[in-house]
Amino acid sequence: MRRSGWGPPEKDLHSRHLAGGPPVLCSRNLSDAVEHAAARHRRCLQPEPSTPARTTTAPAAPTQQPGLLAARVQTLHPQVHDLTARGWGIHQIARHLRIDPKTVRRYLNTADIAQLLGPASTARTSLVDPFKPYLQARCNEGVTSTNQLLAEITAQGYRGGERTLRRYLISIRGTEQAAPPQPKVPSARQLAALIMRPDARLTSDERDALADACTRCPDLATIRDLAQGFTDLVRELRGTDLFSWLEQADHADVHELRRFANGIRKDLPAVTAGLTLPWSSGAVEGNVNRIKMIKRQMYGRANFDLLRKRVLAGN
C-alpha cells in the first residue's frame, strides 16, 4: 500500500516477484543501503546558518574542546574495524569492548571517523518555532514582556512553557529583523522513499524536492541513479544488465551501495535468475508462513494430526 506524501521506501517492485525470492530480498537490502547512505549525506542539505544583526556585541563563545565521548570514539572505532578484519563477530566485539552491538554496527557502517565526531545531522525543533515570526515582529514593535507574549501566543495554540519562551526572547531582543524561516530538511527515510519510488508515482512536489536535494548534493544524485537503475532491472527483468550495474556500483563513491553489490555477488546465480526468469518461489513461501502462523496459534499444544486438519480446512 502506498503512503501519501513522505513515506517509507516501497518494496512492491514487481507483481510477479514480490511474493518472495532474491529480487524482493535485494530490493529490501537496497532500501536499507539507500537509507543509510542518505543519512550520511543529509548534512549537505542543511541550510547555512544565518546570524541576525544585533545592536550589541556579544562575547565570543569559547572554542569547544574534544570531550571524553570524542576520545572514546577515537579509541573504539579503529578497534572495532581491526577486530572485524580478524574475523570477529558483532556480538563478540561488543562483549570484548563492553559496548552495545548497535554501537558496533554504527562504527562498522561509518568508515570515516570524522562523521562520528562531526556536528549532529539534524537540528532539534522547538515548540516556539511556529511563533518565531510573530514574536520577532512584536519585539520590533517594542513588546518584550515575557508574560504578555506568552499569553498572546498561548491564545494562538502555543503549548510550551515560559522558560522555553524566555530563552528564545533573550536570543532575539535587540535584533533588527527576524531570521528567515529555514526549509525543512527531509529525513533519511523520506529521502530513501523518494529515491526508491518510481518517477511516475511521485507528485510534482516530491519530484521537485528530490531534484533539489540531488542538485545540492551530487552524491545523492549518484545514489538516486544507482538505486533507480537497479529497481529498473527488477521491474523490467533485465538480469543480463546486472553485471554492468555491479561495475557502476563498484566505481561509485558510495560504500553502502558497494557493500550491497558485494552481497549480490555472494548469491549471484540466484539473483540473476530472479531478475531474468518470470517464476518465483513466493507461493511456496506464502504457504510456509501460513502453516507457521497456524502452528503458533495452537501454542505448541496440538499434534501433527490437528495441524494437518486445520491446514486442509483452511483450503
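**Helix 15 and helix 16.** I started with how these two helices pass each other, and I found a right-handed crossing. This is a predicted model, so I read every value here as computed. Helix 15 covers residues 282-297 and helix 16 covers residues 304-314. I noted an angle of about 125° between them, with the axes 10 Å apart. Angles of 65 to 115 degrees would count as roughly perpendicular and those over 145 as roughly antiparallel, so I put this pair down as oblique.

Next I looked up who touches whom. From helix 15 I listed Arg290, Ile291, Ile294, Lys295 and Gln297, and they meet Leu307, Arg310 and Val311 of helix 16. Sorting the residues of this contact gave me four nonpolar, one polar and three charged.

**Helix 6 and helix 8.** I then turned to residues 132-140 (helix 6) and residues 162-172 (helix 8), whose axes come within 11 Å and cross at roughly 55°. That makes this pair oblique too, and I wrote down its crossing as right-handed. On the helix 6 side, the contact uses Lys132, Leu135, Gln136 and Cys139; helix 8 brings Leu165, Tyr168, Leu169 and Ile172. My tally for this contact is six nonpolar, one polar and one charged.

**The whole chain.** Stepping back, I counted 16 helices and zero strands. Of the 315 residues, 33% count as buried. I also checked contacts between residues at least 6 apart in sequence, and 67% of them join residues at least 24 apart. Last, I noted an accessible surface of about 19,800 Å², with 53% of it belonging to carbon and sulfur atoms.

Key
Residues numbered from 1 in each chain as written. Predicted model: local features only at pLDDT ≥ 70, side-chain atom pairs only at ≥ 80, totals over all residues. Heavy atoms only, no water. Axes fitted to C-alpha atoms, helices over the stretch in contact; angles between N-to-C directions. Helix = DSSP H or I, 4+ residues; strand = E, 2+ residues; numbered from the N terminus. Parallel < 35°, antiparallel > 145°, perpendicular 65-115°, else oblique. Left-handed = near helix turned anticlockwise from the far one by under 90°. Contact = heavy atoms within 4.5 Å. Nonpolar A, V, L, I, M, F, W, Y, C, P; charged D, E, K, R; others polar. Buried < 20%, exposed > 50% of the residue type's maximum accessible area, 1.4 Å probe, protein only. Areas by Shrake-Rupley, 256 points an atom, 1.4 Å probe, with all protein chains shown as cover.
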